[in-house]
Amino acid sequence: MLLIQCPWCGPREESEYSYGGEAHILRPENPEAVSDEEWADYLFMRQNPSGRHQEQWSHSAGCRRWFNVERDTNTFKILSVYRPGDPPPEINDGPA
Ligand SMILES: [Zn+2]
């Protein structure tokens with residue numbers, strides 16, 4: 001079971017949270033001006049990387065707030081947790 005650090009409540013078990021998909025998906029500013037293909041990309045296309053991934057989580061059984069998690073999809077290790085609107089923290093993975 002994952003232990004996730006809510007930015008407001010502290011560490012809680014994964015069962016208290018709901019996964020909200022990829023983070024930093026921005027709605028087009030003028031939806032009427034985008035093509036059907038661009039709109040479909042906004043709605044459905046996601047990265048699904050092998051490795052570092054920035055995700056949205058909600059503390060649905062706690063404070064009910066949304067926040068961002070950077071997680072390694074191979075190891076399930078949580079690399080950072082940050083509030084919406086904040087940039088992802090710099091992570092030093094050591095020498096490349
Ligand atoms: Zn919380």
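**Close-up views of a predicted model**

**View 1. Strands E4 and E5.** Strand E5 (residues 66-72) runs antiparallel to E4, and seven bridges join the two. Two strands are said to pair if DSSP finds at least two bridges between them. Strands (E, at least two residues) and helices (H or I, at least four residues) are DSSP runs, numbered from the N terminus. The structure shown is a predicted model, in which local features need pLDDT of at least 70 and side-chain atom pairs count only at pLDDT 80 or more, while totals for chains, interfaces and linings use all residues. Residue numbers start from 1 along each chain, as its sequence is written. Several residues of E5 have a named position opposite them. Phe67 in E5 has Trp57 standing opposite. Val69 in E5 faces Glu55, and Glu70 in E5 faces Gln54.

**View 2. Strands E3 and E4.** E3 covers residues 18-22 and E4 covers residues 52-58; the two pair in the antiparallel sense over three bridges. Glu22 stands opposite Glu55 in E4. Glu55 also stands opposite Val69 in E5.

View 3. Strands of a sheet pair through backbone hydrogen bonds, either parallel or antiparallel. Here four strands form an open sheet in the order E3-E4-E5-E6, with antiparallel pairing. E3 and strand E6 (78-82) stand at the edges with a single partner strand each, so one side of each is left without a neighbour in the sheet. On average, neighbouring strands of this sheet are turned by 30° against each other, direction ignored. For this angle, axes are lines fitted to C-alpha atoms, for helices over the stretch in contact, and angles run from 0 to 180 degrees between N-to-C directions.

**View 4. The hairpin of E5 and E6.** E5 and E6 run antiparallel and are joined by four bridges. Glu70 has Ser80 in E6 as its bridge partner. Five residues lie between the strands of this hairpin, and in the hairpin Phe76 takes a positive phi near 65°.

View 5. Val81 is found in strand E6. With 19 other C-beta atoms within 10 Å, Val81 is partly exposed. A residue is buried if 20 or more other C-beta atoms lie within 10 Å of its own, exposed if 12 or fewer, and partly exposed in between, with C-beta atoms placed from the backbone. Leaving aside neighbours within four places in sequence, Val81 is in contact with Gln5, Pro7, Phe67 and Val69. Contact means that the C-beta atoms of two residues, placed from the backbone, lie within 7 Å. From C-alpha to C-alpha, Val81 and Glu70 are 6.4 Å apart in space, and they are eleven residues apart in sequence.

**View 6. Two loop residues with positive phi.** His24 is found in the loop between E3 and helix H1 (36-44). Its phi is near 65°, a positive value in a residue other than glycine. His24 counts as exposed because it has 11 C-beta neighbours inside 10 Å. Asn48 lies in the loop between H1 and E4. Asn48 is not a glycine either, yet it has a positive phi of about 50°. With 8 C-beta neighbours inside 10 Å, Asn48 also counts as exposed.

View 7. Glu90 has its place in the segment after E6. It has 6 C-beta neighbours inside 10 Å and therefore counts as exposed. Glu90 and Gly10 are 80 residues apart in sequence and 20 Å apart in space, taken from C-alpha to C-alpha.

**View 8. The chain around these views.** Along the sequence they follow the pattern β-β-β-α-β-β-β. The C-alpha trace spans about 45 × 40 × 25 Å along its principal axes. The chain has 96 residues, of which 6% count as buried. Among contacts between residues at least 6 apart in sequence, 48% join residues at least 24 apart.
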